[in-house]
Amino acid sequence: MNPFSHKPRFPGVAAVAVSARAALLSAALLTTAALPLQAQTTDEPIVQAREALRKGNAAQLAAARATVTAAAHPLALWVDYWELQNRLPQAQQPELDAFYARWPGTYVEDRLRNDWLLELGKRRDWANLRTEFPRFRMNDDREVTCYALLAQHLDGPRPAREVGRDIARETARETARDALAAQRDADDGCLLMASTLLADGVLKRADIWRVTRTAVEMNRLRLARGAAALLGDGTSKQVGELLTNPVKFLNQRPAGLGADGVQLTLLALMRDAADDPQEAAGLVQRLGAARLPASDAAAAWAQIGKQAAIKQQPLAADWAREGWTIWNATSKPGPTQLPAPPPWSDDLLAWHVRAALREGPRTAAETTARWTLVQQAIGAMSPTEQQDTAWVYWKARATAALALPGTDGDGARAVARQALASIAPQLDFYGRLASEDLGRVTPLPAPPSPPTVAEREAVRSQAGLGRGLRLIDSGLRSEGVREWNFSLRGLDERQLLIASAWACERQVWDRCINTSERTRTEVDVTQRFPLPFRKAIEAKGKEVGLDPSLMYGLIRQESRFITDIRSGAGASGLMQLMPATARWMARKLGVPYDRSMINDQDMNLLLGASYYKRVLDDFGGSAALATAGYNAGPKRPRRWREGGAIMEPAAFAESIPFSETRDYVKKVLSNSVFYAERLGIAGPSLKQRLGAPIGPLARGATPPDKDLP
């Protein structure tokens, strides 16, 4: 692709004078922004400017920028940002430099730099991109990262052509490969970077195949096609065919597929496994060693096990174990040495754990096989992933279950207890389970010492935090949240607690909670588990017969106590009710209702609590099933409980196939335990809340309410 050609414009004497005046005005605006949030001027011009940006109205934006700048409005920098962002394709570097000088250190400075880096990449302006990228503080844009890697590569000697640079070349190769694999789609920056580095010998075909496999495994098919295009037209065409119809592809090519045959075969099997694991298992058995070397056959079985686990099929763990058996047999360097860990993704290994957990209690030999798979899969995860409390917990459980009987197993059991103790203080699902397993429930942390006046004022004088709250007050929640989060960068734990307290006082509950959750050593549970709307929540809980701590746990996860929030799917209010569910529940209760009432606090609480209680009763009091049903609809957890063995509720929660619902169930139920303590309720433990073992509905049991939406 040809680079854009352009000539930078440089400011003349008049422009320099304007820039100097702008710098003085900028200082005045920054000072104004640091003042208390009393409405120094109306925020309506800011809201109107945001609407003008949405419509792409350049004239209105320019007029709004002039108005708020002249008024020294505390949020003028946002209108300045929107006005320049709207015409960024026509902008030149001096305009950006002037903007940075007006708003140094602010969120909009860094966000505009992000936008400009993408524009520079599209223009192939590598010189300015190299200058700008080191100043990009957030550095959270994957495509920008790829453009920067390419610019760095083009700036220096090509590592593939320089002798004695093996380490640098390998580092560049790994960085580039990881950057490409991190994409969700095949964007311009990463494909251009990859194609250039592939042509120059930094990236290898094996790297592109690895990225393509990862993309297929994670169902990022646009990225898979984009990566495959780097391998040549013939290979790209074959990858396109197997992604469309993998079985037809394999059946029409029973013999060799050229130099890339093994890779194509494995991709086709992976794609088929995502649709039909049973069919893919049959194909692996039929193809055999003629088409797949042992290590790739192991990978195929591992993928089939993962996809079957997601679909909660009963043979998932057996297929996963088949992959492990083949891998262990072929990767052992010697008779007395352990097999090398397989190069499988953390996500795949997590699904092997979940497949094993769903097997439930079986014979002694089968129980050993179950916990061995858990132990193997977690042990092969990356060091970072192994630190997740979920895997610390289940690995400890596996270690204890596999310990030898009697004193011979005391050492292993001690290791398991030590692992549980390491996560027991954490205020999350597995921290509380570990605490209960050890029989010594960790109390909520004592309140930290109150801040001094000087500490408090130092945080509240930060302009970005004030602007964030003001934007949220003005209805510009997205902009306010981003400004707030950016301003938290670099704050220590004491400062984070003070910032959280400010948000709590302003009743901006999501910033209150999320900011407080960033601390590790100093914890304020009144911020992490606040009690807004207490009288209303307790009253509605009593009215419908629902534990208010469960209501609090659910609301904290659903809406963060924001009364007028609306999800992308259309759910509204504190309890995030869908309109159809709200109408159905109102009809069942005989309550007069129209859609405009869904954000009414009392009505939302009544309908949401009543619906949650009805789902809870329908599932026989199982909070794990009911909470999953509240999030994903009751029909799904009914399916998830069928077809498998009877399992402990924690295993059911961990094996939920939807990542959002899995996270939701764990957080709502652990939240409810902590809220019971905050409310002074002698409520059930987390294990008691999880309820009885979960399995297929017993014969003769009351059938589910098919009318539940």
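What follows is a chat about bonds, charges and a few backbone angles.

Guide: Before we start, this is a predicted model, where local features need pLDDT of at least 70, side-chain atom pairs count only at pLDDT 80 or more, and totals for chains, interfaces and linings use all residues. Residues are numbered from 1 along each chain as its sequence is written, and side-chain values use heavy atoms, with hydrogens and water left out.

Visitor: How many disulfides does a search of the whole structure find?
Guide: A disulfide is a covalent bond between the sulfur atoms of two cysteines. Here it is taken as a pair of cysteine sulfur atoms within 2.5 Å. Counting bonded cysteines along the chain, the pattern is 1-2, 3-4. The whole-structure search gives two.

Visitor: Which cysteine is joined to C146, and how far apart in sequence are the parts that the pair ties together?
Guide: C146 is joined to C190, with 1.9 Å from S to S. Helices are DSSP runs (H or I, at least four residues), numbered from the N terminus. C146 sits in helix α8 (residues 142-155) and C190 in helix α10 (residues 188-199), so the bond ties together parts whose separation in sequence is 44 residues.

Visitor: Are C146 and C190 buried or exposed?
Guide: Buried means under 20% relative accessible area, exposed over 50%, and partly exposed in between (1.4 Å probe, protein chains only). The torsion about the S-S bond of C146 and C190 is about 85°, so this disulfide is right-handed. As for their setting, C146 and C190 are both buried.

Visitor: What is the torsion about the S-S bond of C504 and C512?
Guide: C504 and C512 are joined by a disulfide, S to S 2.0 Å. Both cysteines, C504 and C512, are buried. Their disulfide is right-handed, because the S-S torsion is about 60°.

Visitor: On to charges: which residue forms a salt bridge with R477?
Guide: A salt bridge is a side-chain nitrogen of Lys or Arg within 4 Å of a carboxyl oxygen of Asp or Glu, and the structure holds 52 of them. The closest N and O atoms are 2.8 Å apart, and the partner is D510.

Visitor: Which helices hold D347 and K306?
Guide: The side chains of D347 and K306 meet in a salt bridge, 2.7 Å from N to O. The pair links distant parts of the chain, 41 residues apart, with D347 in helix α19 (residues 346-357) and K306 in helix α17 (residues 294-310).

Visitor: Which helix holds both K667 and D663?
Guide: Their side chains meet in a salt bridge, 3.3 Å from N to O. K667 counts as partly exposed at 37% relative accessibility, and D663 is partly exposed at 32%. The two are four residues apart, about one turn, and both lie in helix α38 (residues 659-679).

Visitor: Which residues are linked in a network of salt bridges?
Guide: Here the salt bridges link up into a network. Its members are E109, D110, R113, E132, R135 and R137.

Visitor: Where is R614, and how far is its C-alpha atom from that of A626?
Guide: R614 is found in helix α34, and is partly exposed with a relative accessible area of 28%. R614 and A626 are twelve residues apart along the chain, and their C-alpha atoms are separated by 8.9 Å.

Visitor: What is phi of A72, and where does A72 lie?
Guide: A72 counts as partly exposed, at 22% relative accessibility. Its phi is near 50°, a positive value in a residue other than glycine. Its place is the loop between α3 (58-70) and α4 (76-86).

Visitor: Is R560 buried or exposed, and what is its phi?
Guide: R560 lies in the loop between α32 (548-558) and α33. It is buried, with a relative accessible area of 16%. Its phi is also a positive value in a residue other than glycine, near 55°.
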